[in-house]
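Colleague: Before we discuss any detail, could you show me the model and then take me through it step by step?

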Amino acid sequence: MACCGNSFCCQCCCREGETRTPEELAILGEIRDEEDEILPRKDYESLDYDRCINEPYVEVLELMDNKKAKKYEAVRWILVFAIGVTVGLMGLFVDFFVRLFTHLKFTLVGNSVEECSEKGCLALSLLELLAFNMTFVFIASVLVLIEPVAAGSGIPEIKSYLNGVKIPGIVRLRTFLCKAVGVLFTVAGGLFVGKEGPMIHSGAIVGAGLPQLFCSMSATFTLNFFRSGINFNKWGSFQLPGLLNFGEFKCPDGDKNCHLWTAVDLAFFVLMGVVGGLLGALFNCINKSLAKYRIRHIHPKAKFVRVLESLLVTMVTTVVIFVASMTLGECRDLASPTTHNTTALMTSSEDINSTIRQFFCPNKTYNDMATLFFNPQEAAIYQLFHQDGTFSPVTLSVFFLLYFLLACWTYGVSVPSGLFVPALLCGASFGRLVANLLKINLGMEIYSGTFALIGAASFLGGVVRMTISLTVILIESTNEITYGLPIMITLMVAKWTGDFFNKGIYDIHIELRGVPLLEWETEVEMDKLTASDIMEPNLTYVYPHTRVQSLVSILRTTVYHAFPVVTENRQNERDFMKGNILVSNNIRFKKSSVVSRAGEQRRRCQSMKSYPSSELRNVCDDQAAVVEPAEEGEDMLQQMLERRHAPYPNLCPDQSPSEEWTMEERFRPLTFHGLILRSQLVNLLIRRVCYAENQSSATQPRLSFAEMTEDYPRYPDIHDLDLALLNPRMIVDVTPYMNPCPYTVSPNTHVSQVFNLFRTMGLRHLPVVNAVGEIVGIITRHNLTHEFLQAKLRQHYITV
């Protein structure tokens, strides 16, 4: 792109990844010199979603019956209800105290402004507002110092967690407390942030503390029950279904010219979607630059610097709110309810008028700027959606500009903060501005609240790039199903427009954290690569029977979280077996494994001969020649080892091995038997599960499944091991505790198949095993990130 130069605006809007070089893409986990772009870090690990089918787990399965299964099912449903109730009470707690503190603050400061407007002491009112806001934000910022993971909305972290990335501290109790209490004080402190994102994070922590299930229904009813009782004193009436309610969109009775929206309006909605996408892309671009600045210049400094930044943002925001409300607002006439309005509409008008601000305006008028700034964000959104009185175009323009810049600056400071409601409010002012222009300049008969709603949807969609989920949320918040079509169209157009320039705000912050997030699917051209192209060939492995000193050395000198259990294929195994118990045990294990595999293959061949296809019979005959029972005095294992040089049996037997094979592939093939995790090895060492060299492996202590998982999820570290309690010459038999049947792929498997298997099954490690059972590499999520695959694809093009 020609615009990609040194100017800030051009650099912001250039599509990401177009100027990367192969060298930059190949060095993962570092920062690019030109634009300081953070690439995926290698210290993030995947979660263990896949079950380890080892002997302790099989013992548990053997004891399971239908009666016990039904008990577990009943317990799960009880926990579902408990999670929902807990999340609902948590939402009630946050909402109640946010409303309490906000009402207290605006009431005291509002009364002070009314008194000081006559006495000329507005500076005192400003100091009162500053004292409230900076105290609240200071408390929130200190809580983030206690638990840094509690900063921000938590949406990028939860999205990464659900993608399978293990992020330390993301679902701990301390994070929950700091997040829930911190967002309470952040919103009450007047920063342009929302509480919805942090509450999603808090709910996820509750679901992780108890067994993880989806349970929003019980959470909704719990919140509805208590809010209806507290706000209306009608316990059990369920009148407030959620924390986000935009009120009823309805034309006045008797007004036949009023329509919520028409087909003609759809054209304007599409244009608003385009503008919302452009504004969202600009918002994300500026916020990304600010986040990079914080990473380089603020985060490396002392922690109190982050508190000072939060207080600086609070002070500037407070001063802007106060000055703009006092000096830039216009006095607008209040709209009185028409005679055709129903009682419900009159009640709605009373609710709207109860939140207006009359600063420096005569009776029956209101200060439009103060009404937007000197109210909770939800009340300001309600005003823009339902206020029949007008907001001047100048007020709406200034409000949008100030809110856009301050919200962009605020998102990313070290306080719990969301972006959902601020984006809605910013977009609602944009939509109301469009409605005013269409009414005044074109004289169109439109419903202003609809355009405010579409503006809110367009800007929010341009920032976060969501479609279906946002459509559902906005329809539920308006309780108007007819808005489904225009909202969906607007969100799709906003997403497509914004995606042309950059990613959504949450994806940007995931990228800035260096999280190796896996997309939904790979690009089509990635199928030019295979598993052998992207796998990690340099393996650190263990043997079925390994000395304690070797295990300790491996665990202390590597950072890998899983190790293949292998045996080496040697021609001179008989020499190794002489006088060496350790080697003998490993070779016996290998022989039993190989012989059993050969027997299974022979049985399959016998069954395949019954097929009518001559092709299958021929294949079976070829395989039978290989696994034919050995002649007397000949070792079957030796027959298989003679074919070790061929990772893949070729149709041309006389073809020589490839010159590109490594020495490892040529002379040291490894028979794969299973995977064992680092946590399992550390657990075995700490519990001294081993046997003496002069004893049989049957004397080794056995651990139950409960003992193996007792320390979940915080397993001990290898450095917690007291070496004085262990004899380094002791031997550990890892075979009962390894996973003997993990998912594996062939080296010739295409990347799309590898990617789908890894992502769908929630894998952490994917061994690459050839046709004769030898492991040739291993794949983790770092081998499947977009950046890594792009680097490998460029290398492929160079090679071709």
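**Cysteines and the disulfide**

Colleague: How far is the sulfur of C52 from the closest cysteine sulfur?

Modeller: The closest cysteine sulfur to that of C52 belongs to C741, and the two are too far apart for a bond. A disulfide is here a pair of cysteine sulfur atoms within 2.5 Å. The separation between the sulfurs of C52 and C741 is 8.3 Å.

Colleague: What kind of model is this, and what pLDDT do local features need?

Modeller: Residues are numbered from 1 along each chain as its sequence is written, and side-chain values use heavy atoms, with hydrogens and water left out. This is a predicted model, in which totals for chains, interfaces and linings use all residues, side-chain atom pairs count only at pLDDT 80 or more, and local features need a pLDDT of at least 70.

Colleague: Which cysteine is joined to C331 by a disulfide?

Modeller: By the rule on sulfur distance, the count comes to one disulfide, and the link is left-handed, with -90° about the S-S bond. It links distant parts of the chain, 30 residues apart, since C331 is in strand 3 (residues 331-333) and its partner in the loop between helix 12 (343-353) and strand 4 (365-367); helices (H or I, at least four residues) and strands (E, at least two) are DSSP runs, numbered from the N terminus. At an S to S distance of 2.1 Å, the partner of C331 is C361.

Colleague: Is C361 buried or exposed?

Modeller: Buried means under 20% relative accessible area, exposed over 50%, and partly exposed in between (1.4 Å probe, protein chains only). By these cut-offs C331, at 42%, is partly exposed. The relative accessible area of C361 is 12%, so C361 is buried.

**The whole chain**

Colleague: What share of the 800 residues in the protein is buried?

Modeller: The secondary structure of the protein comes to 31 helices and 10 strands. Contact means heavy atoms within 4.5 Å, and among contacts between residues at least 6 apart in sequence, 77% join residues at least 24 apart. Of the 800 residues in the protein, the buried share is 49%.

**Helix 17 and the residue after it**

Colleague: How far apart are the end C-alpha atoms of helix 17?

Modeller: The expected span of a helix is 1.5 Å times one less than its number of residues. For helix 17, which has 17 residues, that gives 24 Å, and this agrees with the distance between its end C-alpha atoms, which is 24 Å.

Colleague: How many residues of helix 17 are buried?

Modeller: Just after helix 17, R465 takes a positive phi of about 60°; R465 lies in the loop between helix 17 (448-464) and helix 18 (468-478), and counts as buried at 8% relative accessibility. Helix 17 itself is mostly covered, with a buried count of 17 of its 17 residues.

**Two packed helices**

Colleague: What is the angle at which helix 10 and helix 20 pack?

Modeller: Two packed helices are described by the angle between their axes and the distance between the axes. Axes are lines fitted to C-alpha atoms, for helices over the stretch in contact, and angles run from 0 to 180 degrees between N-to-C directions. For helix 10 (residues 263-298) and helix 20 (residues 505-512), the axes are 10 Å apart and the angle is about 25°.

Colleague: Which residues is T490 in contact with, leaving aside its neighbours within four places in sequence?

Modeller: T490 lies in helix 19 (residues 484-499), and at 0% relative accessibility T490 counts as buried. Leaving aside neighbours within four places in sequence, the residues in contact with T490 are F269, G273, I454 and S458.

Colleague: What distance separates the C-alpha atoms of T522 and N756?

Modeller: T522 is in the loop between helix 20 and helix 21 (531-534), and at 18% relative accessibility T522 counts as buried. Not counting residues up to four places away in sequence, T522 touches V751, S752, F755 and L789. T522 and N756 are 234 residues apart along the chain, yet the separation of their C-alpha atoms is 8.6 Å.
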